[in-house]
Amino acid sequence: MDPHLARWVEEAARLFEAGGVPRMAGRALAFLLVADPPEPTAKEVAQALGVSKGALSPALGYLVRLHLLERFRRPGERADRYTMRPGAWRRILEEQARMLGRFRELAERGLALVGENPRLREVRDLYAFLEREFPLLLAKLEEG
């Protein structure tokens, strides 16, 4: 892999890790975003990242379970291939939008228990705003 691209993959992996994705899964995800061809085998991903297939396998399984990657086989091949799942990023954002409502509801239940509380009110108001506006942003994205 080109050294500049390798640095980018590592930078992206650190960002994914900061967002809660395990380091190896972040490295695999970053590589698959730029892999050429876009459907490498686990062996090819491992070689590109300079890791063992055994170290990589749980990370790929994790990303498949998150529905970010698809695992498939081409006819006549014995090795699984991996590719980014179409629409995966949007589905993640939609799930995060659902979480916004859950945080708002939690804050509302807290307010019902303790009465007026500026900290909980701030949380409720922020998440109510995000819950209302986030779907509009996704709709604008679809419009192009």
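Colleague: Does Phe-103 count as buried, partly exposed or exposed, and at what relative accessibility?

Modeller: The model is a predicted one. Buried requires under 20% relative accessible area and exposed over 50%, with partly exposed in between. Phe-103 therefore counts as partly exposed, at a relative accessibility of 38%.

Colleague: How are the planes of the Phe-103 and Tyr-127 rings arranged?

Modeller: Tyr-127 is partly exposed, with a relative accessible area of 21%. Phe-103 belongs to helix α5 and Tyr-127 to helix α6 (residues 118-143), 24 residues apart. Planes under 30 degrees apart count as stacked. The ring centres lie 5.0 Å apart and the planes stand at 25°, so the pair is stacked.

Colleague: Which helices are linked by the pair of Phe-16 and Trp-89?

Modeller: The search of the whole structure gives two aromatic pairs. In the pair of Phe-16 and Trp-89, the centres are 6.1 Å apart and the planes are at 20°, so these rings are stacked. Phe-16 is buried at 18% relative accessible area, whereas Trp-89 is partly exposed at 37%. The two residues are 73 residues apart in the chain, and the helices that they link are α1 and α5.

Colleague: Which element gives the most to the largest nonpolar core?

Modeller: This core has 26 residues, and Leu-32, Leu-60, Leu-69 and Tyr-82 are among those that touch the most other members. Elements giving two or more residues include α1 (3-18), α4 (53-65) and β2 (81-84). The element that gives the most, with six residues, is α2.

Methods. Residues are numbered from 1 along each chain as its sequence is written. This is a predicted model: local features need pLDDT of at least 70, side-chain atom pairs count only at pLDDT 80 or more; totals for chains, interfaces and linings use all residues. Side-chain values use heavy atoms; hydrogens and water are left out. A nonpolar core is a set of buried Ala, Val, Leu, Ile, Met, Phe, Trp, Tyr and Cys residues joined through side-chain atoms within 4.5 Å. Buried means under 20% relative accessible area, exposed over 50%, partly exposed in between (1.4 Å probe, protein chains only). Helices (H or I, at least four residues) and strands (E, at least two) are DSSP runs, numbered from the N terminus. Rings of Phe, Tyr and Trp (its six-membered ring) pair if their centres lie within 6.5 Å; planes under 30 degrees apart count as stacked, over 60 as edge-to-face and the rest as tilted.
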